[in-house]
Amino acid sequence: MAVGRSDGYVEVWDLERGSIKAKIRTDAVPVVALGIVEGGNSVRVVACGSGEVTSYDLEGNRVASLDVIGDWLLDLEADGGVEDLQEPDIDIEGYDCTAVAAVAVDGTQLYVSGASNGSVHVWEPAGRNLIWAGGRMPVFCVQTAHGPDGPIVVTSADDGTRIWDVRTGTHRLLDGVDEAGAGAIVLGEGRKPSFAYFKPGRGILGRSLDGEEDEPALLRTVPEDISGLDVLAVEGSSMAAVAWVHRGAGSSSWHEGVLLSQSPHARPDSLMGSASHTDAVDHVAVAKEFDGHAFLAVSVETSNEFKVWDSAVGTLLTTGSRRGITATAVGRMADTRIVAMAHGFGRDHCVELIDADTGKPVGPLLPWETVLSLSFEEIDGQTTLLINAADGVCFLSPGQEEPRGWFPTHEDEHGRVRLFALWRHAEELLAVASHDWNPDNPDEFSGINRLVAHTATGDSRLLAQGGEITCLAAGQWERADVAFAGGVEGTIVVRCLETGQELARFHGHDGEVTSALFVKVEQTALLVTSGADSYVRVWDCSRRGVLLNATGFPDLIGALDVNDIGVFVGFGARVAFFAWTDLCSVTGLNGEAGDR
């Protein structure tokens with residue numbers, strides 16, 4: 001993958017390793033269009049900008065260059081030869097190439113560059129430049145492919161989409177395609193070429209490129225609310241697109257971006273809408289196991305809209321909104337797929353169970369003050385909803401309308417509970433809690449936390465006391481049952497649940513550790529953490545915290561959840577689900593771990 005920058009540099013990324021393979025300084029400042037050209041055993045990067053189109057090898061050496069402004073001016077003054085361009089209504093300084101691709105003609109590689117005045121440059125690295133007269137609007141997309149009858153070139157602009165004869169420079173408009181801002185050449189059965197484009201209300205259509213004027217074929221269906229596509233990509237029989245949705249003036253986002261992808265689990269003719277929100281995502285939760293139909297997941301944004309997803313394929317199941325959402329969880333109770341949600345303010349705060357398929361409430365609201373977290377756990381062979389509140393931990397079993405008290409947290413002795421984790425130690429369930437310790441004024445935050453293990457019988461034991469704990473998990477470290485405590489300085493401390501002894505301490509993130517979660521995958525004990533540095537890191541607890549993977553995100557991570565299938569992350573206004581096999585060497589199946 002090549003990335004063009006405003007300072008004229010092009011970064012070439014190795015997508016297998018997630019690292020920069022080459023950094024090339026070009027004469028295009030800024031880089032306004034970019035292409036990767038493969039020919040034989042060589043790879044070239046072609047950059048457009050500053051009135052030139054230049055190709056480079058991966059060592060940064062200039063291979064060929066075209067002065068598009070100079071050639072354009074010479075062509076305007078020519079008396080014969082190539083057809084004169086239509087007089088452009090643009091400033092010479094603004095003339096530039098805006099898109100680039102490559103195509104082989106009779107064994108010779110040609111670069112095809114669309115320009116800001118609608119013309120198209122076709123040139124050999126070591127030969128002359130031909131200028132084709134096109135429309136009058138800037139060319140924003142150049143597509144090339146090799147069909148059964150030779151090379152294919154398609155250009156898109158606001159005044160239409162054109163297919164070109166590479167040898168003569170003649171073109172024709174594709175009927176009914178309009179500007180097709182996001183289009184792609186598709187080679188079907190027998191390499192029969194067609195052009196894929198979006199038609200509002202219909203989906204992704206395919207218009208034949210062999211001259212036949214038949215009705216375009218429906219290639220993919222898309223979600224009904226999609227308004228347009230910015231990018232469309234085709235690889236073999238799969239498609240992906242960046243789309244947008246027009247939400248209207250009453251929305252916090254006039255245009256909402258949506259990723260459409262071809263899932264291996266989806267219908268062959270569909271493009272699925274991925275998880276996206278119009279505001280920052282604050283909470284996410286993913287079901288612990290596959291329920292026979294979907295891997296349920298829920299995401300909640302700052303403005304309190306929630307979305308329920310099948311995280312395996314990115315399908316949106318239902319949406320809704322609640323005021324003041326503080327916690328959420330997903331699971332199955334009594335054959336019903338449930339979203340549990342704590343929401344409301346003051347006396348109106350409550351826990352609500354919602355049918356994940358219909359979005360309708362299940363049972364009465366449960367009044368509850370200050371719910372910190374919710375989770376579905378397997379306890380005594382039953383799926384049970386755990387409610388972690390300021391006054392203790394309670395649980396709700398299937399068929400019950402009133403939760404039962406469990407694990408009193410002795411706030412009068414240890415201070416207010418801030419964080420909570422559950423673990424079975426020595427055949428006994430323990431609630432590990434972080435208390436804010438301020439004996440002089442319990443209502444004020446002190447920044448001094450007590451780590452306490454509570455039992456169902458009401459006993460408790462102090463494990464440690466010290467600085468601020470920002471996240472908490474319980475699990476195993478080598479063969480010991482432990483608590484994992486993340487801190488404001490990026491440190492993760494591992495303590496024995498029996499004695500409170502510190503077993504390990506390591507630096508996990510640059511800045512605050514925001515989440516810590518324990519999970520077992522293929523009998524491997526893993527700790528998954530996120531931080532203020534926008535990284536999710538995976539640690540092998542059976543090997544004293546060996547770092548297995550570090551995955552960086554392009555926005556702040558607002559929430560994180562895991563199951564034995566993968567990791568569900570909320571970052572910025574988006575969410576994403578990563579299978580463990582996608583996260584480098586977590587399962588030991590892929591090469592060295594590294595940034596992804």
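Mentor: Begin with pLDDT, which is the predictor's confidence in each residue, on a scale from 0 to 100. This is a predicted model, and its mean pLDDT is 81. Of the residues in the protein, 85% reach 70 or more.

Trainee: Where is confidence lowest, and where is it highest?

Mentor: Helix α1, residues 68-77, has the lowest confidence, with a mean of 56. Strand β42, residues 491-496, has the highest, at 96. Two stretches also need care. Over residues 249-253 the pLDDT stays under 50, and the model has 5 contacts for them beyond four places in sequence. Residues 584-596 are also below 50 in pLDDT, and this stretch has 35 contacts in the model beyond near neighbours in sequence.

Trainee: How many helices and strands does the protein have?

Mentor: There are 2 helices and 50 strands. Of the 596 residues, 51% are buried. The protein exposes about 27600 Å², and carbon and sulfur atoms supply 47% of that area. Among contacts with a separation of 6 or more, 37% are between residues 24 or more positions apart.

Trainee: How many residues lie between β38 and β39 in the hairpin?

Mentor: The hairpin has 4 residues between its strands.

Trainee: What is the strand order in the open sheet of 4 strands?

Mentor: The order is β28-β29-β30-β31, with antiparallel pairing. The edge strands are β28 (327-333) and β31 (366-367), each of which pairs on one side only. Strand β30, residues 350-355, runs antiparallel to β31 and is joined to it by 2 bridges. Val-351 has Leu-366 in β31 as its bridge partner.

Trainee: What is the phi of Glu-522, and is Glu-522 buried or exposed?

Mentor: Glu-522 is not a glycine, yet its phi is positive, near 50 degrees. Its place is the loop between β44 (513-521) and β45 (524-531). Its relative accessible area is 59%, so Glu-522 is exposed. Ser-534 lies in the loop between β45 and β46 (535-540). With a relative accessible area of 11%, Ser-534 is buried, because the cut-off for buried is under 20%.

Trainee: Which residues make the nonpolar surface patch of about 230 Å²?

Mentor: Val-231, Val-242 and Leu-259 make that patch. Val-242 sits in strand β21, residues 238-246. At 37% relative accessible area, Val-242 is partly exposed, since that class runs between the buried limit of 20% and the exposed limit of 50%.

Trainee: And Val-258: in which strand is it found?

Mentor: Val-258 is in strand β22, residues 255-261. Its relative accessible area is 8%, so Val-258 is buried. Val-258 and His-277 are 19 residues apart along the chain, and their C-alpha atoms are separated by 8.9 Å.

Trainee: One last case. Which residues is Thr-384 in contact with, leaving aside its neighbours within four places in sequence?

Mentor: First its location: Thr-384 is in strand β33, residues 382-389. With a relative accessible area of 1%, Thr-384 is buried. Leaving aside neighbours within four places in sequence, its contacts are Ser-375, Phe-376, Glu-377, Ile-379, Phe-395, Leu-396 and Ser-397.

Note on methods:
Residues numbered from 1 in each chain as written. Predicted model: local features only at pLDDT ≥ 70, side-chain atom pairs only at ≥ 80, totals over all residues. Heavy atoms only, no water. Pairing = 2+ DSSP bridges. Contact = heavy atoms within 4.5 Å. Patch = residues over 30% accessible without salt bridge, like charges linked within 9 Å, V, L, I, M, F, W, Y side chains within 5 Å. Areas by Shrake-Rupley, 256 points an atom, 1.4 Å probe, with all protein chains shown as cover. Salt bridge = Lys/Arg side-chain N within 4 Å of Asp/Glu carboxyl O. Buried < 20%, exposed > 50% of the residue type's maximum accessible area, 1.4 Å probe, protein only.
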